[in-house]
Amino acid sequence: MELTGLADKTALVTGASRGIGRAIAVVLAQAGARVVCCARSQEQLQELCAQIRAQGGQALAAPADVAQPQDRRRVIEQAAGAWGSLDILVNNAGIHAEKPALELSDQELSRVMEVNFFSMFALARDAAPHMIKAGGGRIVNMGSFWGQKGVSRQLPYCVSKTAVEAMTRCLAVEWARYNIQVNTVAPGHILTEISKPALEDEKIGKDILRRIPARRVGEAEEVAYLTAFLCSDQARYLTGHLYYIDGGQAIAW
């Protein structure tokens with residue numbers, strides 16, 4: 001099945017310089033979307049945009065730190081002004097703060113919440129008027145299967161991803177009347193530059209695979225295909241839901 005409804009739509013993807021975000025940007029561009037690629041690394045973004053253009057797609061680099069309110073406002077206006085509309089927002093940027101809860105500072109918790117939750121809300125809130133003007137839009141928030149788990153030394157990350165799920169439901173209910181669909185994609189263990197060292201460690205990697213019914217980790221492109229589907233016409237009646245892509249780990253005993 002070929003996805004429809006993505007051609008000539010403008011999509012803003014945060015955390016696009018590598019990993020899952022990069023794969024999402026590439027897949028959306030391949031489906032015909034005009035992609036505004038946002039991350040802190042300008043060099044990586046330029047390389048990504050060059051790759052997309054070489055494949056016949058349209059892309060624009062938009063360096064920004066989503067932890068900064070002024071950057072968030074600027075990148076929304078840049079995305080909306082690039083091709084005259086803003087139709088898709090993929091809130092993918094995220095960070096960790098691995099530390100025992102007894103040692104966790106207010107500042108460390110706030111930093112993770114700022115990037116993983118507050119930035120997603122602010123970007124969605126500021127993107128929504130552009131989508132309403134265009135007659136609708138799609139917002140995909142990147143969650144995690146850890147949003148439903150208690151994970152040692154990962155309190156900020158788990159809390160932020162649980163908050164993302166609740167935000168998705170609330171925005172979906174409020175904005176359905178405007179034809180804006182809001183969903184959460186919740187990856188499990190995905191092979192990226194960040195996760196590769198742990199996954200390739202003999203002991204850690206073996207323990208992770210033991211917990212995954214599929215007995216393998218996911219690929220960034222698999223997350224990207226699910227995200228692109230949720231942004232397409234084929235998913236226009238899906239909103240407010242959480243979609244795990246984790247090889248069955250979230251449901252396993």
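Reply: A term to settle before the pairs: buried means under 20% relative accessible area, exposed means over 50%, and partly exposed is in between. The model is predicted.

Me: Fine. Where does K99 fall, buried or exposed or in between?

Reply: K99 has a relative accessible area of 24%, so K99 is partly exposed.

Me: And what does K99 form a salt bridge with?

Reply: With E108; the closest N and O atoms are 2.6 Å apart. E108 is partly exposed as well, at 26% relative accessible area.

Me: How many salt bridges does the count come to?

Reply: The count comes to 10. The cut-off is a side-chain nitrogen of Lys or Arg within 4 Å of a carboxyl oxygen of Asp or Glu.

Me: Which residue does R74 meet in a salt bridge?

Reply: D71, at 3.6 Å from N to O. Both residues lie in helix α3, residues 69-82, and are three residues apart, about one turn of the helix.

Me: Is D71 buried or exposed?

Reply: D71 is buried, because its relative accessible area is 17% and the cut-off for buried is under 20%. R74 has 37% relative accessibility and counts as partly exposed.

Me: What about D207, what is its partner?

Reply: D207 forms a salt bridge with R210, with the closest N and O atoms 2.7 Å apart. They sit in helix α7, residues 202-211, and being three residues apart they are separated by about one helical turn. D207 is partly exposed at 30%, and R210 is exposed at 51%. Salt bridges that share partners also join D207, R210 and R211 into one network.

Me: OK, change of topic. How many residues of β1 are buried?

Reply: Five of its five; strand β1 covers residues 10-14 and is mostly covered. T10, L12 and T14 point one way, A11 and V13 the other way, and all are buried.

Me: Which way do β1 and β2 run, parallel or antiparallel?

Reply: Parallel, with five bridges joining β1 to β2, residues 34-39. The chain gets from β1 to β2 through helix α1, residues 19-30, and this β-α-β crossover is right-handed. In β2, R34 is the bridge partner of T10.

Me: And how many bridges pair β1 with β4?

Reply: Three, also in the parallel sense, with β4 spanning residues 88-91. In that pairing L12 stands opposite L89.

Technical notes. Residues numbered from 1 in each chain as written. Predicted model: local features only at pLDDT ≥ 70, side-chain atom pairs only at ≥ 80, totals over all residues. Heavy atoms only, no water. Buried < 20%, exposed > 50% of the residue type's maximum accessible area, 1.4 Å probe, protein only. Helix = DSSP H or I, 4+ residues; strand = E, 2+ residues; numbered from the N terminus. Pairing = 2+ DSSP bridges. Right-handed = clockwise from strand over helix to strand, strands pointing away.
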